[in-house]
Amino acid sequence: MSDSEDEAVERQVKLVMVGAPQVGKTSLAVRYTQDMFNKTYQASMGVDFYLKRLVLGNERNVNVQIWDVAGSALTGKMTDKYLYGAHAILFVYDVTNGISLDTLQEWVAAARRAARAQERPPILALVANKADMEHVRQVKSERHHRFASENVMGSYVVSAKTGEGVALSFQKVVAELLGVRLTKAEQEQQQPVVTAEIDTFQEAALAKVPPFGSTSMSSVCSLM
């Protein structure tokens, strides 16, 4: 088979996402593959699969298989099977939950055990999710980078909610696997336009506010 024919063959890439429950692994997979975000939390059971087809470099057709492993799987019997054969493992945590980063150390140990049976070890990447919640961040940047450095991982900060950095992080991981250098234009194409949500008061709502000194009181609880 010639080099040109080899490049035309669809390449299979297995990416595995691991981390504690509720850090946003499923949201990241859905954002990348479907460009959607669901505010309702649904716990994963076992492993869910997602697929993304893309072209990188010189007409390289890539079939990206994303394995979304449930956080509860860490103590299960199938963990090694989920991790085996992974070309890359994305360790996801929630920047507003420091414990979710601590938990990743156990996932790192599990990944290393599974990698012993592989001829080529997987690429490792640390993914900090919920970057849009900077005002309640618990994990400082220094701690993030120290964890990534100590475990020889790539480093990414993303937001499944806004889409910030999601597509680009996946794209960079796949490009590293295939030895493809992304151009500046290709990287910019993966950056979404992020818009901020602004709460505004409506005139109708203001009209219902009782005058100062009134004994009539009301309370409103808004859950975002």
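This is a predicted model: local features need pLDDT of at least 70, side-chain atom pairs count only at pLDDT 80 or more; totals for chains, interfaces and linings use all residues.
Reader: Which residues of α5 are buried, and why do they line one face of the helix?

Author: An α-helix has 3.6 residues a turn, so residues three or four places apart point the same way. Looking down the axis of α5, the buried residues fall within an arc of 95 degrees, so they line one face. The residues you asked for are His144, Phe147 and Ala148.

Reader: Is His145 buried, exposed or partly exposed?

Author: His145 has its place in helix α5, which covers residues 141–150. Buried means under 20% relative accessible area and exposed means over 50%. His145 comes out at 46%, so the class is partly exposed.

Reader: How is the aromatic pair of Phe49 and Trp67 arranged, stacked or edge-to-face?

Author: Tyr32 and Phe170 form a stacked one, with 5 degrees between the planes. For Phe49 and Trp67, the centres are 4.8 Å apart and the planes stand at 80 degrees; planes over 60 degrees apart count as edge-to-face. So the arrangement of Phe49 and Trp67 is edge-to-face.

Reader: Which residue has its charged end over the ring of Trp67?

Author: Trp67 lies in strand β3 and is buried, with a relative accessible area of 17%. The charged end over the Trp67 ring is 3.7 Å from the ring centre, and it belongs to Lys14.

Definitions and conventions: Residues are numbered from 1 along each chain as its sequence is written. Side-chain values use heavy atoms; hydrogens and water are left out. Helices (H or I, at least four residues) and strands (E, at least two) are DSSP runs, numbered from the N terminus. Buried means under 20% relative accessible area, exposed over 50%, partly exposed in between (1.4 Å probe, protein chains only). The arc is that of the directions from the helix axis to the C-beta atoms. Rings of Phe, Tyr and Trp (its six-membered ring) pair if their centres lie within 6.5 Å; planes under 30 degrees apart count as stacked, over 60 as edge-to-face and the rest as tilted. A charge sits over a ring if NZ of Lys or CZ of Arg is within 6 Å of the ring centre and within 35 degrees of the ring normal.
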